[in-house]
Amino acid sequence: MKAYLNLLLDLQQQAQSQGHRQAVVLRGEREWQVAVTAKATAHWRDKPSFALGNEPFSVTKQVAINRGHQLLGQECQLLIVELDERFDANSFNAACGTLAAGGLVILLERFSSTHNLAQQWLLQHLARVPILDQQRGFLPSVDFQAKVDSQDDFFELALKSQQSAVENVVKLALGRAQRPLVLTADRGRGKSSALGMACAHLMAQRPISIVVTAPTPQAVTPVFQHAQALLGELAIRSKWQLSFQQSQLQFIAPDNVIETLPPCDLLLVDEAAAIPQRLLQNMATAYSRVVFSTTVHGYEGCGRGFSLKFVPWLRKTHAQVRLQHLALPMRWRQGDPLEQWLNDTFLLSDEWGALQSTVLDFSALSLKRCDKRDWLQDAQSLQSGFALLVQAHYQTSPNDLMQLLSEPEIELWLAYCGSTMIGAVMTVEEGPIDSQLASEIALGRRRPKGALTPVMLIGQVNALNAASLRALRVMRIALSPELQNRGLGQGVIQLLQQQSAGQYDYVSTCFGATDELVSFWLQCGFVPVRLGLSRDAASGTYSLLMLNAREFDHESWIADLASAFQFEFSQSLGSQFRSLESSLVTRLLKQNSVGVTWTPSAVQLQRIRGLLANFAHGGSSMENVLVWLRYALLHSPQYLDEFLVALILQQQSITEIASRFGLPGRRGVEQHLREQIRIRLEDTQFTL
């Protein structure tokens, strides 16, 4: 065992001399891996060490295999990761970001003998990492070999860059208004730390109110940690609020910032790329001192769409905008082999190059479905397609790559003008679902993964026929930025439908609804059939499901769902969708051909009655059937009572209803409503 430990120490010393980080794969029996790793943890016992997995190692901190994000804002010299079927690429990349210069990550390879494509991809890239094999000994790697020593002080240079960012934030807060700062950085460049340091400086200097917002509160954990550390014992922290004397730093979710417009002296918007542009624009308009910061390469997603769309808008609307990019890593020297390996393995830094649209033949538009098996030998098409998706969709992350590789139902299509690639589409096959499972979905007892469209149609609108159909859902579509707004996206979707007509019954898409996106899908011939009842916590948008059967034989039932949605949506604007953006409401209402005098068909009435029956027996939710309950009761007013009038017609608050009728909170109110509807549905005279 001593010889194995010496090999690990040699790797660590190489990393230390270079200001880099090292990695090693342990390949062998589980007991041998544990024994070697135990030697390493014993040697590093005086230094911070983390473990990702369930193996009980003696480390400073251990988290589950998919909880690497819990380590953010911390630093270690030894990282141990179990690599098996539970592998989570986002968690793994987050954990690797905590490893400092001179650190070593030990990868315990434990995949079973049968590998899916994602595991084959990972194993292929692990072959580039130094390997300590129980049978074959040590297998070095050219990619991770020590390079010639550089004399520059990498940490001092990175610190100067970070300090410049801190000064720019402070200058913004204390200087002239309407001069927003845009701060971008790759992962591990100290961006969030700089925000925390700037907050501490400002809070210690004068009474100040600072609001920080981000897609999730966890994203700004380092901001609070660094501010609290610098302010010392006098700083008082609750979960997402930090107070120091008369100053305050607090987290508020993006949609709440816009809805409540909390007064503050400085607004910090972290991971801004993951926030809809509409919200960012509202923030820039409502607040005079704003910092927009975001990661441009990382496991959270990326910020290139932010750079391409929001930043130009900001520069157009504000006379002075300061831009700063943090390029130098804080925890390791530039050229770190582990960072390069992570970027190559998970396609984190693939850039989409600009196209010369003047030389393209738009009439020669084609669409090709990729054969995933080819990617192990030649990954060029995957790299290009994924680079486009990363650029266009902020949520594209390493887990998306692993999902694309591992799940046969998910496919990548590439669009070409002649021989030049211009776009990419990511799709997933959904359905059919067996009748027993469909019944359980309708009653709210099951919600299987991997079948979003049929589950929504069955569980939320009682479209039971969707269970027997095969759907192709468009997960993401991306075009080269230079070619957008030319109708090419519509052409790509038309080709997708034509090429899928014999294999699927209809095409669907589900996305965070914005005026721009809804307009695009409407132009592609899709119709809305379901709008979610609450905003997504990360994007601040409502999820919209749209369907298209133009090239198929299932148009009639989709048309029925669409007309019912139009009526339901128009009847919900004063309640569930009161805060929906007026531009989006206008866009959706312009498609409304049924109006308030909608007359449902016999098929639609049967489906709606079934939805109410599902609710009565425990399925769906009160909000989901509110419009249809009102419709039914107004058509059969003899079945009204005080409870139903107060709850359904007058829409009094749950608190008022519970107090008035002696019911135990929301659950009691909903259960009583289910019982009342069940009693009425059992009466054959109760008609819609």
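Welcome to the tour: the structure holds 25 aromatic pairs, and the model you have open is a predicted one.

**Stop one: a stacked pair.** Select F511 and W521, whose rings are stacked, with 6.4 Å from centre to centre and 25° between the planes.

Now show the side chains of F87, F92, W341 and F346, which form one aromatic cluster. Then pick W332 and look over the face of its ring: there you will find R21, at 3.5 Å from the ring centre.

**Stop three: two helices.** Display helix α20 (residues 602-616) together with helix α24 (residues 665-681); their axes come within 8 Å and cross at roughly 130°. The two helices are therefore oblique to each other, and their crossing is left-handed. Which residues meet here? On the α20 side, select R609, L612, A613, F615 and A616; on the α24 side, select E670, L673, R674, I677, R678 and L681.

**Last stop: a serine.** Go to S435, found in helix α14 (residues 435-442). With 59% relative accessibility, S435 counts as exposed, because the cut-off is over 50%. To finish, draw a distance from the C-alpha of S435 to that of Q246: they are 62 Å apart in space, and 189 residues separate them in sequence.

Terms used. Residues are numbered from 1 along each chain as its sequence is written. This is a predicted model: local features need pLDDT of at least 70, side-chain atom pairs count only at pLDDT 80 or more; totals for chains, interfaces and linings use all residues. Side-chain values use heavy atoms; hydrogens and water are left out. Rings of Phe, Tyr and Trp (its six-membered ring) pair if their centres lie within 6.5 Å; planes under 30 degrees apart count as stacked, over 60 as edge-to-face and the rest as tilted. A charge sits over a ring if NZ of Lys or CZ of Arg is within 6 Å of the ring centre and within 35 degrees of the ring normal. Helices (H or I, at least four residues) and strands (E, at least two) are DSSP runs, numbered from the N terminus. Buried means under 20% relative accessible area, exposed over 50%, partly exposed in between (1.4 Å probe, protein chains only). Axes are lines fitted to C-alpha atoms, for helices over the stretch in contact, and angles run from 0 to 180 degrees between N-to-C directions. Angles under 35 degrees count as roughly parallel, over 145 as roughly antiparallel, 65 to 115 as roughly perpendicular and the rest as oblique. A crossing is left-handed if the near helix is turned anticlockwise from the far one by less than a right angle, and right-handed if clockwise. Contact means heavy atoms within 4.5 Å.
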